[in-house]
Amino acid sequence: MTPAGRTRTRLVLRDLSATAAFASIVLSGSVPAWALVAYGLALLTSLLGRRPLTGRPTVSVILLLLTAVVLFGASFRGMIDLVVAACTFAGLVTSHRLLSEPTSGTDQQVHLTSLLMLAGGAALTGELWYGLCLSAFAVTSSISLGLSVIEPEGGSSEQLEVRPLVRSISAGTLIALLGAMGFFVLFPRLSWNIASRRTPPGLLGGTTGMSDSVRLGGAGDIKSSPRAVARVKVRPDPGSARLDAYFPGRSFDVFDGREWRGTGKAKPSRQMVRLVKELPRKTVSQSIELLPGYGSRTLLGLEHPVTFTAGSALTATGVTRTAFTEVPDEEVRIDQASNGYSYSVSSAPELQRETLEDAERYQRLPDALDPRVKALADQVLGAETRPLASATALQRYLQREYAYTLELGGDVADPLADFLFVRKAGHCEHFATALTVLLRTRKIPARVTAGFFGGERVGSAYVLRAGDAHAWTQVFVDGRGWVTVDATPASGRGNQPPRLLAWLASTYERLEDWWRARVVDYSFQDQVDIARSLVSPPREASSSRWSLPALPGLWPTLAALAAAIAVYGAVQRGWGARRGKRHAATGFLEQIEARLDRAGIARLPGEPLEELTARLSQIAHPIAPALSRATRAYLLARFGNQSLPATERAALLQALVRRDAPSSLTPSHP
Amino acid sequence: MWQRLRAFFKWRAPRTLKVTRSGRTFLVVTVGVGLGALNTGNNLLYLILGLLLSLIVASGLLSERSLRDVQVKRLLPDAAHAGEPFALRYLVTRREGWGFALTLRELGVGLKGHAFVPMVSAAEPVTVRAQMVAERRGPLALTEVEVSTIFPFGLFSKTRRVELDELLLVFPRRGFACIEPDAAQGAPAGDGGNPRRRDGTGDLLGLRELSEGEDARRVHWIKSATLGKLLKVEREREERRQFVLKVAGSLDPASLELRCEEVAALTRRLLSQGHEVGLDTGGQRIRPGGGPGHERRVLSALAWVGFDAPLREGGSEARR
């Protein structure tokens, strides 16, 4: 590789290592957008080989001072967290250095600030991506540093083969990564294991849209996002791969023709919320973790939640206890706004409730309701007046006559009429609204409930994804309370991402779960457990805490990968051994012979190269001078212990090709 | 017992390790991350700490691999003058594997300079040139070559010593002679004196008219007859004289150095003028002679003036 090529590669790797470090803080979602844009532009400029800040120290100082004042001023005024400000400043210093003259000092500064960013990123994020960023940084910065140490002071004009260097450094980096894992596992945790600062919503923000209202209409497609928004541990554990259960979040009672709203009045906040006077005998406990992607304070729980306890918010300063606020018959929400929450909830399969005090609230219809809606309800139900039977009849009708689609119909004046009589296709909110309004036209109390439907087993918990967000109808049945009736066709409930995306998301979730359990929340107790397991074998082999997550197709893939690596290694070893027995100059001799063959020059049986050269020189063959030089170089390399650099070797071989040799040369008889 | 103690204190570690400037920064960051991890219990900080510490270990392993099999052979220069750069070459080979970022230095004999080998493999030995400067004149005993590397990350400089005994004679510093030599021996100025020298030496340079008082034996008779006037043959070196330069052994060190440099400069000047130069250092006498080989003999003798044994590590020369 030429010196210019080496420098370019070194700088690109340096830039990539800095970017991996910057990504570790960007993934937390805390970095201001302007800083992100500034870094991106600097990286692009640097990758294009432009260094506009070279030789401009005054501009550099002013820029850095300006960013320091802006960032730390914002931090002082409480607009931005100090750690985020420091990490962002390190990122901007890095971007500044990327645009400066690429000296060894600049490289060292870039690597140093990158390390600081990684340390800051450890405080800001705990996601699996951080581990990938750390590994990427280790690999790219190691090779970049390795390429810089082989450059002498003042530069070099020498061409070098860098592959052995990269191989050697890659081996070193692998050793370092394995050593890091060993150190991580074995080094005793001497301090309290406070979980790292949980990630803010991240670049994607909250995705569920669990808002104060459900609005029909809009244009475009509903995206079926596989992003995990909640983890639910259920006790007793049902053990099934999928839960396929309803997780109500918020109920709405008022519909104005376009939008559902809740009109409940909030009660004073409490540390524990009980929704019923008497607790049912049979309940299901759940520990729920609302992840940063959830983006709302409304709490979820399996149908029908009765108590909410032990609420805590994961803030930038750690875990803090927080209270709940109940809005009767509507929602329970957590008080403190935060990036993520955890709480416990108990649910009863069925809640007994004799009567509904304010039934009129759930029978109210929009003022401008299309008369065809009531006509449709009458047509479907006929003389049926029983709430549950009516709801079931309408549910069947809607599922039979209407299609499920994620395509939105656009903003129309009456979205319900548009769904029922024009498009005859819609998503869960259309179905839930239609069923609820149709029931209300018959004076049957009903409401729309938004929440999640699904639950996919990941490790010991069930994961709810953004695409599992759902809406359905609850109808009040005297003596039984609110009963769920879901008019949405079964195919339209829950998350429906493409198969590949689902597999990727599932794999990622399992790895993320493993990462959280084994790395982020690794504690002294885990170390004790490991020590115990070493002393005495585990009772159940399958319950090992350190086993990798059960990923579908993981082991065959790993086995195939290992086999491929083994075959590659064996081939390389065999090839290397075969080559190792030969002298380095032998290859050169073979190349000379190949060129002589191509030139039609045959050697006599047993004729050494030097004799052939002498013979050709005697007859003044055009190739003789070049062959003479090549022969001499070969003999010196083979028997004179002299080096034959690759460039010289190539030049000698090239000279052999250039000769205007006769098409053939018949050897004279010896 | 005493010998054992001496042997113990003479013991040297097979490798020495120095922290580079970037290595110091790296260590400071490592300590900072370690304190942060211990203070907060943040597992990701423990992970970074593990990585940083493992990088130090990996650095040690790779640098050892790079240094372990290196073999060095010194290729001494034809001439080395004090205070003047000269090329000292090294043939660097390996039995197996690769060596990276190797720096070669002479240990402790007042030679400044180093050679750098970016990479060397068993298949391709490398000859590398070091631009050395010897601080002072004299016979230098080159005993060890220091081979160091900052591979792989530039954080530490690991050094290995290769024992390699050789003698390098450093000639006196080149300069200008501000003194004139003592009176020439043998032939006096002009055409008189030793008849062997009257004809001058070297190739024919030209003919010129014979001046008054000049030796008639140098007349070119044929050309003179043709032109009708006496023409004298002129050769390249018309006035070749012999000088014996003296260096008194009783001078103090500074004066001795100065004298050696002056004598070296005079030698060069006189030889370039075609004269023959001899040397008398009290203990050693060199008969007058000419040519590059003779100059080298004189300079070698001058390099030894004041020394009984070569200069060794730590400057423990044996002066006469």
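Leu500(A) sits in helix α12 of chain A, which covers residues 499-520. The model is predicted. In it, Leu500(A) has 60% relative accessibility. That is over the 50% cut-off, so Leu500(A) counts as exposed. Leu500(A) also belongs to a nonpolar surface patch with Leu501(A), Trp503(A) and Leu504(A). Together these side chains account for about 390 Å² of accessible area.

Next comes helix α15 of chain A, residues 584-598. Its 15 residues, at 1.5 Å a residue, should span 21 Å. The end C-alpha atoms lie 23 Å apart, which agrees. Several residues of α15(A) are buried: Ala585(A), Gly587(A), Phe588(A), Leu589(A), Ile592(A) and Leu596(A). An α-helix has 3.6 residues a turn, so residues three or four places apart point the same way. After α15(A) comes Gly600(A), with a positive phi near 80°.

Now turn to chain B. Strand β6(B) spans residues 115-121. Here 7 of the 7 residues are buried, so the strand is largely enclosed by the rest of the structure. Strand β4 of chain B, residues 98-106, pairs with β6(B) in the antiparallel sense, over 6 bridges. One contact can be named: Phe100(B) has Met119(B) in β6(B) as its bridge partner.

Last, the cysteines. Cys428(A) has a relative accessible area of 10%. Cys260(B) stands at 0% relative accessibility. The cut-off for buried is under 20%, so Cys428(A) is buried, and Cys260(B) counts as buried too. A disulfide is a covalent bond between the sulfur atoms of two cysteines. With sulfur pairs required to lie within 2.5 Å, the count over all chains is 0 disulfides.

Note on methods
Residues are numbered from 1 along each chain as its sequence is written. Chains are lettered from A and ligands numbered from 1 in the order in which they are written. This is a predicted model: local features need pLDDT of at least 70, side-chain atom pairs count only at pLDDT 80 or more; totals for chains, interfaces and linings use all residues. Side-chain values use heavy atoms; hydrogens and water are left out. Buried means under 20% relative accessible area, exposed over 50%, partly exposed in between (1.4 Å probe, protein chains only). Helices (H or I, at least four residues) and strands (E, at least two) are DSSP runs, numbered from the N terminus. Two strands pair if DSSP finds at least two bridges between them. Patches are made of residues with over 30% relative accessible area and no salt bridge: like charges are joined within 9 Å, nonpolar side chains (Val, Leu, Ile, Met, Phe, Trp, Tyr) within 5 Å. Accessible areas come from the Shrake-Rupley method with a 1.4 Å probe; for residues, only the protein chains shown count as cover. A salt bridge is a side-chain nitrogen of Lys or Arg within 4 Å of a carboxyl oxygen of Asp or Glu. The expected span of a helix is 1.5 Å times one less than its number of residues.
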